[in-house]
Amino acid sequence: MPEKSSAVPESSVVVRPEPISSETYTVTSRLQAAGLRPAIALFEQAADTVPLPRPPQPIVIADYGASTGHNSLLPISAALPVLRNRTRPEHSILVVHTDVPDNNFTVMFETLSDDPDTYLDKDAATFASAVGRSFYSQIIPSNSVHLGWSSWAVQWLSRVPAPIADHVQVDYCADEGVRAAYARQAAHDWHEFVAFRGRELCPGGQLVVLTMALDEHGEFGYRPLLDALVDALDELAADSLLTEDEVRRMCLPAVGRREADFFAPFAPSGRFERLSIEHLEIFNAEDRFWAQYQADRDPNAFAALWAAFVRASVFPTLVTALANGRDDSRSSQFFDRLEAGITARLAAAPEQMQIPMAKLVLTKQRQSK
């Protein structure tokens with residue numbers, strides 16, 4: 001892959017990827033569901049222990065980084081009966097879904113309205129709302145959130161700290177300076193995310209986070225997929241669909257974090273903005289597409305599922321590097337040919353993906369009596 005230029009502006013704000021369509025994201029969210037079940041168990045435990053307000057003050061659940069809402073339905077649906085066991089049926093519950101301003105909130109509300117797993121059909125006194133603002137700032141009033149959830153969101157950086165010269169993902173970049181720049185940005189963003197959640201949570205409130213991680217060897221995972229992506233981009237440049245400069249500008253501002261990275265804002269006392277980490281586990285989530293391949297031995301189906309996943313989760317970020325961004329006349333062809341290229345490469349040599357994940361529970365200190 002040719003060396004990339006410094007055309008990516010250091011101050012550019014990163015928008016977390018949006019799915020191409022509700023249908024596509026519903027299919028590919030099967031992979032993002034990896035790790036959800038263990039995290040949901042933590043969320044249910046939190047719902048059973050957090051202090052609850054007296055009516056008419058509503059119980060507030062915040063969903064940080066909602067995207068289309070698909071990864072929020074099961075955890076919130078699981079928490080509602082736990083909360084109902086502790087309060088009256090008419091006690092209002094307000095669910096606040098948050099994401100960046102240009103998130104597709106229309107699709108999100110369609111999900112909440114139409115998806116068979118929607119929590120809105122399961123509790124008449126539960127209401128949904130949305131906030132269109134980055135969670136790297138304060139976005140909900142102080143001391144107002146009783147229960148928080150965030151899945152597959154805080155790995156996305158608030159900005160691109162530097163171009164990646166030899167890959168699209170920084171963990172596979174050979175430039176130590178670039179890797180250091182991303183590490184600094186990741187540390188800053190995690191610090192800010194935690195700090196503002198510390199303000200927003202009520203005393204005794206809890207936040208459950210599921211996000212990408214680095215394992216004990218510093219492995220980010222997804223190697224076969226990302227190698228296929230880089231190779232397919234090079235092919236599109238060789239075929240003149242993309243210019244070399246456009247390929248150079250393409251990068252994924254997403255990171256995994258080590259255990260020490262998660263603990264860093266809390267050092268040395270173990271508490272930050274009255275928050276502490278009550279639970280932290282880094283684990284390898286299941287590659288559900290590989291499990292299906294083990295059953296049906298269909299390499300094309302395996303490859304197509306992974307390619308559809310990366311199309312929904314990653315392509316909307318890459319396409320912004322085209323000359324006219326998402327409005328570029330080549331964008332549709334870019335999506336289709338890149339997906340086809342990834343599919344062909346993965347089908348030729350199916351390989352299980354490593355998916356390092358972290359699940360955390362953050363708890364805000366209760367008020368002293």
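# A guided tour of the predicted model

A search of the whole structure finds 18 aromatic pairs, where rings of Phe, Tyr and Trp (its six-membered ring) pair if their centres lie within 6.5 Å. This is a predicted model, in which local features need pLDDT of at least 70 and side-chain atom pairs count only at pLDDT 80 or more, while totals for chains, interfaces and linings use all residues. Residues are numbered from 1 along each chain as its sequence is written, and side-chain values use heavy atoms, with hydrogens and water left out.

**First stop: the aromatic cluster**

Select tyrosine 64 and phenylalanine 193. Their rings form an edge-to-face pair, 6.2 Å centre to centre with 80 degrees between the planes; planes over 60 degrees apart count as edge-to-face, under 30 as stacked and the rest as tilted. Tyrosine 64 lies in strand 1 (residues 59-64) and phenylalanine 193 in helix 5 (residues 176-200), so the pair ties together parts that are 129 residues apart in sequence. Helices (H or I, at least four residues) and strands (E, at least two) are DSSP runs, numbered from the N terminus.

Tyrosine 64 is buried at 1% relative accessibility, and phenylalanine 193 is buried at 0%. Buried means under 20% relative accessible area, exposed over 50% and partly exposed in between (1.4 Å probe, protein chains only).

Phenylalanine 135 is in the loop between strand 3 (126-132) and strand 4 (145-151), 58 residues from phenylalanine 193, and the pair links distant parts of the chain. Phenylalanine 135 is buried, with a relative accessible area of 6%.

To see the whole cluster, select Tyr64, Phe135, Tyr136, Trp190, Phe193 and Phe262 together.

**Second stop: charges over rings**

Keep phenylalanine 193 in view and show arginine 197. The charged end of arginine 197 sits over the ring of phenylalanine 193, 5.0 Å from its centre; this term requires NZ of Lys or CZ of Arg within 6 Å of the ring centre and within 35 degrees of the ring normal. Then select lysine 359, which lies over the face of phenylalanine 283 at 5.5 Å from the ring centre.

Which residues of helix 6 meet helix 12? Select helix 6 (residues 223-238) and helix 12 (residues 331-348). On the helix 6 side, the residues are Pro224, Leu225, Ala228, Leu229, Asp231, Ala232, Leu233, Glu235 and Leu236. Those they meet in helix 12 include Phe334, Arg337 and Leu338, with contact meaning heavy atoms within 4.5 Å.

From leucine 233, move to glutamate 244: their C-alpha atoms are separated by 9.7 Å, and the residues are 11 apart along the chain. Glutamate 244 lies in helix 7 (residues 244-249) and is partly exposed, with a relative accessible area of 45%.

**Last stop: backbone features**

Most residues other than glycine have a negative phi, and most peptide bonds are trans. Select proline 55 and proline 56, which are joined by a cis peptide bond with omega of about 10 degrees. Proline 56 is in the loop between helix 2 (36-49) and strand 1. The bond from alanine 267 to proline 268 is also cis, with omega near 0 degrees.

Tryptophan 152, not a glycine, has a positive phi of about 55 degrees. Tryptophan 152 is in the loop between strand 4 and helix 5 and is buried at 4% relative accessibility. Finally, select arginine 274, with a positive phi of about 65 degrees. Arginine 274 is in the loop between helix 8 and strand 6 and is partly exposed at 32%.

Definitions and conventions
Axes are lines fitted to C-alpha atoms, for helices over the stretch in contact, and angles run from 0 to 180 degrees between N-to-C directions.
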